[in-house]
Amino acid sequence: MLSHALRSTFLNSSVLKASLGRGQQAILNSSYSTSAETVDDVNFYKMVEMFYDRAASIVEDKMVEEMKSRETPEVKRNKIKGILKVIKPCNHVLEMTFPVKRDNGEFEIIEAWRAQHSQHRAPCKGGIRYSNEVCLDEVKALSALMTFKCACVDVPFGGGKAGVKINPKEYSEAELERITRRFAVELAKKGFIGPGIDVPAPDMGTGEREMAWIADTYANTLGFTNINAFACVTGKPILQGGIHGRTSATGRGIYHGIDNFVNEASFMSQVGLLPGLQNKTFIVQGFGNVGLHSMRYLTRHGAKCVGVLEYDCAIVNPNGIDPKALEDYKIDNGTIKGFPGAEPYAKENISDLLTEKCDILVPAASEKQITKHNAERIQAKVIAEGANGPVTPEADEILKKRNILVIPDLYINAGGVTVSYFEWLKNLNHVSYGRLTFKYQKDTNYHLLGSVQDSLVKQFGGKISIEPSTEFLKRMAGASEKDIVHSGLEYSMERSAKAIMKTAMKYNLGLDIRTAAYVNAIEKVVKVYESAGFTF
């Protein structure tokens, strides 16, 4: 494995600085906290570390016990404790500033970061966030979360994340292109981007447009001799090597995650709900890409959205809000305020919508939305963390005591990185899913029907016609790329949910699904380090 002993600083004309990891000896001499104490106003990175520490303290003894080797128990324990300490910190952080020329001729200095939390698997994977609120702490926290998220759903990447401190709404398209391409160049100069090194993706404030700019910049500079250059980033437009189903992947994954737990009778009995999504009510915070597609798929499968909370307003309708109508209204007006299919939320503090009565709450906006100040008033029975880190550690403890099921971010919103993995594989294979088998599948299905028909005619005589069912007829032509992506995502979410439930039972965690998910992730990462060893 890569040595953690690297630590240096670079400085160039762009005032670019990079600090690489912590010393290995310092890591091994430190210890993770096993304290049950939680603090509500900790920063985001500390939040992730606290959730990690809770799971690490639970899993350590079991991992020592299950380690298969002839070493003494003391040596085994030292090895597991050492690996757990190595996993926790962020390996590399790149901090940079660079100039951009505005359309009016003025120059502005842009501040940005890229964090690589772990290289236990390569490449690192994580989105690029454009926000005025982004900071080093947030980037490190999100990169750490990505490590555990990928491990939780069996996606073989290390965790990474990037942030550019701008409000994209305040820049023209030409200015955003200059910022994005310059950022890509700075990442390339320091080895923080590449198909086998570090693969960014869209996040808050970015989309397939920005990913296309990054891919084009990399392919025409550092990657101009690399046939896999366009695998340097995912979330691209289809014509630039993207994949069908990536845009809606996170929202679709949230639906599958909720569906897996809501249909599990043992969990629903603990929260006082009947199994199944049919007629369940839900409230969504954030009507961006994640909130929109979560709302679409939940509504499509029988649930009813009774409220939507945005940064500037909140709307409610006890009879249900139509996601398609709301999407069209927002496209036309730039806001959901004034939407005719719902009423404005009556309370002065619109954030109180989070505490209104519903079966499922989907916070899909930003971190630290449910805290010790409102956790006691939450009326939802299930919380699905569509955003990263929306529940603070102290709020998490309160919700557990109140028997509210929190489906954690590192599982429930992993749909995006799962489909990004599919896109990355597609780029490396240089062929779309289904292209090589589509025609063969179609012919095979028709031959199958013909064979059955011929057998029946030989057995019973006369004229017998075999008619395929409606569902089989739809599938006879073979699976399209979208079909394969949707099927792969559903399977990944279902398999991961079952593994989390099994771990929750194994460690007697009850409704503490977050710790069960972290335990699963930690066990997988530890096994990689255990089998690979360390370079130095």
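Author: The radius of gyration is taken here over C-alpha atoms, and the rule for a globule is 2.2 Å times the number of residues to the power 0.38. Please keep in mind that this is a predicted model. With 536 residues, a compact globule would have a radius of gyration near 24 Å, and the protein chain has 25 Å, which agrees.

Reader: Which box do the C-alpha atoms fill along the principal axes, and how many helices and strands does the protein chain have?

Author: Taken along the principal axes, the box is roughly 85 × 70 × 55 Å. The protein chain has 17 helices and 13 strands. Among contacts between residues at least 6 apart in sequence, 69% join residues at least 24 apart.

Reader: How should I read burial, and what share of the residues counts as buried?

Author: A residue is called buried when its relative accessible area is under 20%, exposed when that area is over 50%, and partly exposed in between. By this cut-off, 54% of the 536 residues of the protein chain count as buried. The accessible surface comes to about 23,800 Å², and 52% of that surface belongs to carbon and sulfur atoms.

Reader: Where do the nonpolar residues gather, and which of them have the most contacts inside the largest core?

Author: A nonpolar core is a set of buried residues of the nonpolar kinds, joined through side-chain atoms within 4.5 Å. The largest one has 106 residues, and I258, F261, L405 and Y411 have the most contacts inside it. Helix α2 (residues 44–66) gives the most to this core, with twelve residues. If residues up to four places away in sequence are not counted, L405 touches F261, F267, M268, V271, K381, V382, I383, L511 and I513.

Reader: How do I read a sheet, and in what order do the seven strands of the open sheet stand?

Author: Two strands are taken to pair if at least two bridges are found between them, and the order of a sheet then follows from partner to partner. In this case the order is β10-β9-β8-β7-β11-β12-β13, with mixed pairing. Because β10 (343–344) and β13 (405–407) stand at the edges with a single partner strand each, one side of each is left without a neighbour in the sheet. Strand β9 (residues 314–316) pairs with β10 in the antiparallel sense over two bridges, and V316 stands opposite E343 in β10.

Reader: In which sense do β4 and β6 pair, and why is β6 described as largely enclosed?

Author: Strand β4 (residues 124–130) and β6 pair in the parallel sense over five bridges, with V199 in β6 as the bridge partner of K125. Four of the five residues of strand β6 (residues 198–202) are buried, so this strand is largely enclosed by the rest of the structure. The loop between β3 (107–116) and β4 contains P123, which is joined to A122 by a cis peptide bond with omega of about 0°.

Reader: How can I check the length of a helix, and what span should α14 have?

Author: The expected span is 1.5 Å times one less than the number of residues. For the 23 residues of helix α14 (residues 438–460) this should give 33 Å, and the end C-alpha atoms are 34 Å apart, which agrees. Just after α14, G461 takes a positive phi of about 70°. Within the helix lies K442, which is partly exposed with a relative accessible area of 34%. K442 touches M476 and A477, not counting residues up to four places away in sequence; between K442 and A477 the C-alpha distance is 4.4 Å, although they are 35 residues apart in sequence.

Reader: Which value does phi take at K368, and where does N403 lie?

Author: Phi of K368 is near 55°, a positive value in a residue other than glycine. K368 belongs to the loop between β11 (360–363) and β12 (382–384), and its relative accessibility of 29% makes it partly exposed. N403 lies in the loop between α11 (393–401) and β13. Its phi, near 60°, is likewise positive in a residue other than glycine, and N403 counts as partly exposed at 40% relative accessibility.

Key:
Residues are numbered from 1 along each chain as its sequence is written. This is a predicted model: local features need pLDDT of at least 70, side-chain atom pairs count only at pLDDT 80 or more; totals for chains, interfaces and linings use all residues. Side-chain values use heavy atoms; hydrogens and water are left out. Buried means under 20% relative accessible area, exposed over 50%, partly exposed in between (1.4 Å probe, protein chains only). Contact means heavy atoms within 4.5 Å. Accessible areas come from the Shrake-Rupley method with a 1.4 Å probe; for residues, only the protein chains shown count as cover.
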